[in-house]
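Morning, everyone. Please have the sequence and the model open while I talk. I'll take it step by step.

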Amino acid sequence: MQLIKKITTKFNDIIDHHNLRHHISEKSDRVVLYNAASTISNLVFALIKLTIGIFFLSLWFLIFGGYYIILLAIRSYFLWRYRQIRVSNINPLEREKIEIRYLREGGILYGLLGMALVTLSIYMYIVNEPQRYNQSIVLLIALIGFTKIVTSIVG
């Protein structure tokens with residue numbers, strides 16, 4: 001019981017230190033907090049896929065692991081930019097202009113990343129031979145897919 005109380009106290013200290021109670025009350029901040037948390041899970045997925053890709057010499061896993069790493073970099077960049085805008089003391093009109101510029105940048109970067117992924121997927125479909133995986137890897141793929149679907153629905 002004492003351990004749970006210490007963990008709860010430490011967790012509340014972190015929440016208070018970062019002023020998370022205030023941020024949870026605003027929808028845009030909640031979305032950003034969720035994206036920050038999902039960025040961590042995407043890093044884990046990327047590392048798992050890259051490890052499997054190296055272990056099985058699977059181009060498919062290497063491409064998707066690389067995709068998640070690039071996605072992680074883009075998301076981290078925009079989370080950093082959001083934080084800069086959020087804590088700055090600029091007028092609302094100027095803030096809106098900057099936010100629209102970053103939305104356009106994000107759309108372009110995510111669009112280019114999606115087109116690259118589609119191109120690589122088409123290449124793999126046309127050129128590569130099918131690869132067989134053992135049951136554990138197939139179940140891991142299904143678990144990752146299920147987790148991504150659930151986090152997308154929640155987000």
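First, a term: contact means heavy atoms within 4.5 Å. With that, leaving aside its neighbours within four places in sequence, Tyr68 is in contact with Asn42, Ala46, Lys49 and Lys148.

Some ground rules. This is a predicted model, where local features need pLDDT of at least 70, side-chain atom pairs count only at pLDDT 80 or more, and totals for chains, interfaces and linings use all residues. Residues are numbered from 1 along each chain as its sequence is written, and side-chain values use heavy atoms, with hydrogens and water left out.

Now the overall layout. The protein chain has six helices and zero strands. Helices here are DSSP runs of H or I with at least four residues, strands are runs of E with at least two, and both are numbered from the N terminus. Buried residues make up 21% of the 155 residues. Buried means under 20% relative accessible area, exposed means over 50%, and partly exposed lies in between, with a 1.4 Å probe and protein chains only.

Let's move to helix H4. Its 29 residues reach 42 Å from first C-alpha to last, close to the expected 42 Å. That expected span is 1.5 Å times one less than the number of residues. The buried residues of H4 include Phe61, Phe64 and Tyr68.

Which residues do ring pairs link into a cluster? Trp60, Phe61, Phe64, Tyr67 and Tyr68. Rings of Phe, Tyr and Trp (its six-membered ring) pair if their centres lie within 6.5 Å; planes under 30 degrees apart count as stacked, over 60 as edge-to-face, the rest as tilted. The structure holds eight aromatic pairs. Take Trp60 and Phe61: centres 4.8 Å apart, planes at 80°, so this pair is edge-to-face. Trp60 is partly exposed, because its relative accessibility is 31%. Phe61, at 1%, counts as buried. Next, Phe64 and Tyr67: centres 6.5 Å apart, planes at 75°, so edge-to-face again. These two are three residues apart in helix H4, so about one helical turn separates them.

Stay with Tyr67. Beyond its neighbours within four places in sequence, Tyr67 is in contact with Leu113 and Leu117. Tyr67 and Leu117 are 50 residues apart in sequence, yet 7.3 Å apart in space, C-alpha to C-alpha.

Last stop, the largest nonpolar core. It has nine residues, among them Ala46, Tyr68 and Leu113. Such a core is a set of buried Ala, Val, Leu, Ile, Met, Phe, Trp, Tyr and Cys residues joined through side-chain atoms within 4.5 Å. H4 gives this core its largest share, five residues.
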